[in-house]
Amino acid sequence: MNPILRATGITRRYGERIGCADIGFDLYPGEVMGIVGESGSGKSTLLNCLAGQLTPDAGSILFDSAQQGVCDLLTLSEMQRRTLARTELAFVHQNPRDGLRMSVSAGGNVGERLMGVGARHYANIREQALSWLERVEIPADRIDDRPSQFSGGMQQRLQIARNLVTGPRLVFMDEPTGGLDVSVQARLLDLLRGLVRQMGLSAIVVTHDLAVVRLLADRILVMKDGQVIEAGLTDQVLDDPHHAYTQLLVASVLQA
Amino acid sequence: MSAYNFAYLDEQTKRMIRRALLKAVAIPGYQVPFASREMPMPYGWGTGGVQVTASTLVPEDRLKVIDQGADDTTNAVSIRRFFEVTAGVETTTEADRATVIQTRHRIPETPLQEGQIIVYQVPIPEPLRFLEPRETETRKMHSLGEYGLMHVKLYEDIARHGEIATTYAYPVRVGKSYVMDPSPIPKFDNPKLNGSPAIQLFGAGREQRIYALPPWTPVKSLDFEDYPFDPSRAAGQCALCGSTSSYLDEVITDDSGGRMFLCSDTDYCARRVQEGA
């Protein structure tokens, strides 16, 4: 099996400081990878480099695209890259405000990607939007409400629906459960797990919450100071951490 | 008269604007930046249109200026007077006798002909502006042809009002390329943009943009397959000339609910009255 994403030597500096240095990994279809680490460890920098929102100073990111074959995301033309970003890739932001159009109704938010790839039939767009709202447990009668009238958890679920409507193959998530209370978090995680299974999605999830990666991720990378210090199967790394920092991280989790 | 250069603007400026116009005609629907000048009128009163008109006028031209279809409203009268004084060109109110027509918010009912130039005053040239506030981003969207967002606006209209509720400045696609703001003309006038024999020039003074449609350019109003474009018109007829096909203004005549419809195009209406229609 070919990896869906192969990153090699990803390096990004902020002047003198290092954002992330020489990071490489393979991600296989249907696999969910977690990136954990404390604030400032470079996990968001890495994610933004992978998702094309930051340009790394060095490295290559090979993506196995259904339309374009294996291509390097860093050397694609902007048009191809943006087309991929609307169809085969998706990005779920920590703050739904960054990923939603707050002045456009929920239906419009979900429909945008469809219209972006050429859907021009109102009834069909609306039908798909409704079916996605149902899948993320937003009542159908909220379809014409604006996201600003939604709760935080609903906004996050709407953002997920908006991203998944075109059936992407790889989803980037930046702290998808950040800022939500635990019961809402649990339902969101449940939803994400179900969608990943059903759609056979590959995903890269950045989080500082070890419980989230344990639930979602098959494999994890532990980052510190811009370096990957430990990598492996999630349970293996979390139950038997080798690196001193990983041990500290695991030991720091509060027990309820 | 001698105190001004012909048509007010100096020759250098006119040359600069003509270069922008040539580029705009060569790339239909593309917004060409130009160095808009201060004009002796406030922004929003047609400074873009006036600069384009000044750069296109030659002494043999016959100029018509309309505002909301009328030749006798403040804006139309003062711009017409402005060019009478600064250019000394002949002016007219008859759409078919004019060689250059500067307009705000309407296209004349009388069909335009080959050889005519129509100049539109444009307040906001960017059709995506209210959807995407960043100019850098909207330019990128134009260059990559990413116009899904424009349909999001139409989707919102239908979701909220049951139909496409945009009634003026209705976005159009020029050929198979750029999406363009047709200036705030009523959508009733949109079909007249398509394949027009006249040269259509658009000037936005405050926003410093010029764009154009060369003659015979195909122009299509955006819509959905199941909600096709509808150039709506008030159901009524003109109280003066009886026209049932022209674009109508509704005029309130007293405080007890009296109202009547009138053609918004005064030249068209007056001539129909004269001909005894």
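Asn163(A) counts as buried because its relative accessibility is 7%, where buried means under 20% relative accessible area with a 1.4 Å probe and protein chains only. This is a predicted model, in which local features need pLDDT of at least 70 and side-chain atom pairs count only at pLDDT 80 or more, while totals for chains, interfaces and linings use all residues. Residues are numbered from 1 along each chain as its sequence is written, and side-chain values use heavy atoms, with hydrogens and water left out.

Asn163(A) sits in helix 6 of chain A, residues 152-164 (helices are DSSP runs of H or I with at least four residues, numbered from the N terminus). Its side chain makes a polar contact with the side chain of Arg113(A) at 3.4 Å (a pair of N or O atoms within 3.5 Å; within protein, one must be able to donate a hydrogen and the other to accept it, and residues adjacent in sequence count only if both atoms are side-chain atoms). A polar atom of the Asn163(A) side chain also lies 2.9 Å from the backbone oxygen of Gln159(A).

Turning to the interface, 21 residues of chain B are in contact with 22 residues of chain A, contact meaning heavy atoms within 4.5 Å. Four salt bridges are found across the interface of chain B and chain A (a side-chain nitrogen of Lys or Arg within 4 Å of a carboxyl oxygen of Asp or Glu); Arg86(A) forms a salt bridge with Glu146(B), with the closest N and O atoms 3.0 Å apart. On the side of chain B that touches chain A, helix 4 (135-144) and helix 5 (148-161) of chain B each supply at least two residues, and helix 5 of chain B gives the most, with nine residues.

Notes:
Chains are lettered from A and ligands numbered from 1 in the order in which they are written. Buried means under 20% relative accessible area, exposed over 50%, partly exposed in between (1.4 Å probe, protein chains only).
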